[in-house]
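Open the structure in your viewer and keep the selection tool at hand. This tour goes stop by stop.

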Amino acid sequence: MILRTIAFNTFGMFLRDKVLIVVAILFTCGLLLMLTPLLAARVMETRGNIPQAQEIVLETVSVILVFTSGFGSLLAAWTSADSVATEMKSGTILAVMARPLKRWEFLLGKFFGVMLLMSVYIAMMLALTYLLALIGGQKLHSAPWIMVLYPLVRYAIYAALAMALVTWMHPLVAWGIATAVAVAVMIVEPSGRAVNNVAWRWIKNVLYTVLPSSGLLSEDRFLTIKEATIKRTGWLDHVTTLSYGLDYALVLLLIAMWSFHSKSLRRD
C-alpha cells in the first residue's frame, strides 16, 4: 500500500511537471517532422514502386523507433534522478520519512513511479510505431510483447543507474553521467569492423562487459515488416537477455538503496 501510494504520487508529480510538458511538446514536434519520408513512400506506392516503398517505411519506422527509444532512456534517467532530488531539496522527504517508512521503501516507490511513467511512454511508442506502419501502408510482424518488454527492461536499468548516482551527486550531474553511459554503450557495441589498435580493443571489451548492453536489449533487433525477414529468436534467448537486464537493474537499485541508507536527508 505504501509503495503504491509513493508510486502514484510520483507519477502524478511527473504529469504536473512543466519542464516535462515542454519537453514532451518539443519531442512531439520533432516526431511530426520525421513523417515526411512516409509521405514519400505513399507516393512511390501509388506509382507501383512497392518494394522501394516498403524499404523506406521500414527504415523510417526504425529511425523513429531508435529516436523514441533513445529519448526514453534519457527520460527514465532524468525522472528517476529528479524525483529523488526534488523531494530532498524541498524538504518534503522529511515529512514522508516521519511515517513508518523505510528508506529502501521510499526509493522503491519512487522507482515504481518512474517505471509507471515509462510504461505509459512505451504504450504511446508502440501505438506510434503501428500508426506509422499503417500510414506507410505496411504491416509490422514483430510481436507486441517484444516491443514492450525490451525497452521496459532497458529503461529500468537507466532509471536505477540515475537513482544510484543521485544519492551521491546533483541530479544534473547524475543525468549527464547516465547519458554518457548511454553514448559509451553505443560506441563499444560489437560491430563488423575489426579494431587494429590492441589497447582500444581491450578497452572496448572491458567497457562492453561492464556497461549495460543496450544493443542486446534493443527491440529494434526484431523490428520487421516482411514476414520472410523476421529474426527467429528462441524463448531461451529472450529469457536470458531479459534476465540479464533485470539483474543489472536490480544490482543498481540495491546500490542506490545502500547509498541512500546513510545519506543525510537535510536540505543542501
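What follows is a short walk through a predicted model, from its core to one helix pair and one glycine.

**Stop 1: the core.** Select Phe106, Leu107, Phe111 and Tyr155. These four have the most contacts inside the largest nonpolar core, a set of 66 residues. Now colour the elements that give two or more residues to this core: α1 (2–15), α2 (18–33), α4 (50–90), α5 (92–97), α6 (103–135), α7 (144–166), α8 (171–188) and α10 (235–261). Which of them gives the largest share of the core? It is α7, with 16 residues.

**Stop 2: leucine 107.** Centre on Leu107. Leave aside its neighbours within four places in sequence. Leu107 is then in contact with Val84, Met163, Ala256, Met257 and Phe260.

**Stop 3: α6 against α10.** The crossing is right-handed. Next, show side chains. From α6, select Arg103, Trp104, Phe106, Leu107, Leu108 and Phe111; they meet Leu253, Ala256, Met257, Phe260 and His261 of α10. The residues of this contact divide into nine nonpolar, one polar and one charged.

**Stop 4: glycine 113.** Stay in α6 and pick Gly113. Is Gly113 buried or exposed? Gly113 is buried, because its relative accessible area is 0%. Not counting residues up to four places away in sequence, Gly113 touches Ala7, Thr10, Phe11 and Phe14. Gly113 and Arg4 are 109 residues apart in sequence, yet 8.4 Å apart in space, C-alpha to C-alpha.

Technical notes:
Residues are numbered from 1 along each chain as its sequence is written. This is a predicted model: local features need pLDDT of at least 70, side-chain atom pairs count only at pLDDT 80 or more; totals for chains, interfaces and linings use all residues. Side-chain values use heavy atoms; hydrogens and water are left out. A nonpolar core is a set of buried Ala, Val, Leu, Ile, Met, Phe, Trp, Tyr and Cys residues joined through side-chain atoms within 4.5 Å. Buried means under 20% relative accessible area, exposed over 50%, partly exposed in between (1.4 Å probe, protein chains only). Helices (H or I, at least four residues) and strands (E, at least two) are DSSP runs, numbered from the N terminus. Contact means heavy atoms within 4.5 Å. A crossing is left-handed if the near helix is turned anticlockwise from the far one by less than a right angle, and right-handed if clockwise. Ala, Val, Leu, Ile, Met, Phe, Trp, Tyr, Cys and Pro count as nonpolar, Asp, Glu, Lys and Arg as charged, and the others, Gly among them, as polar.
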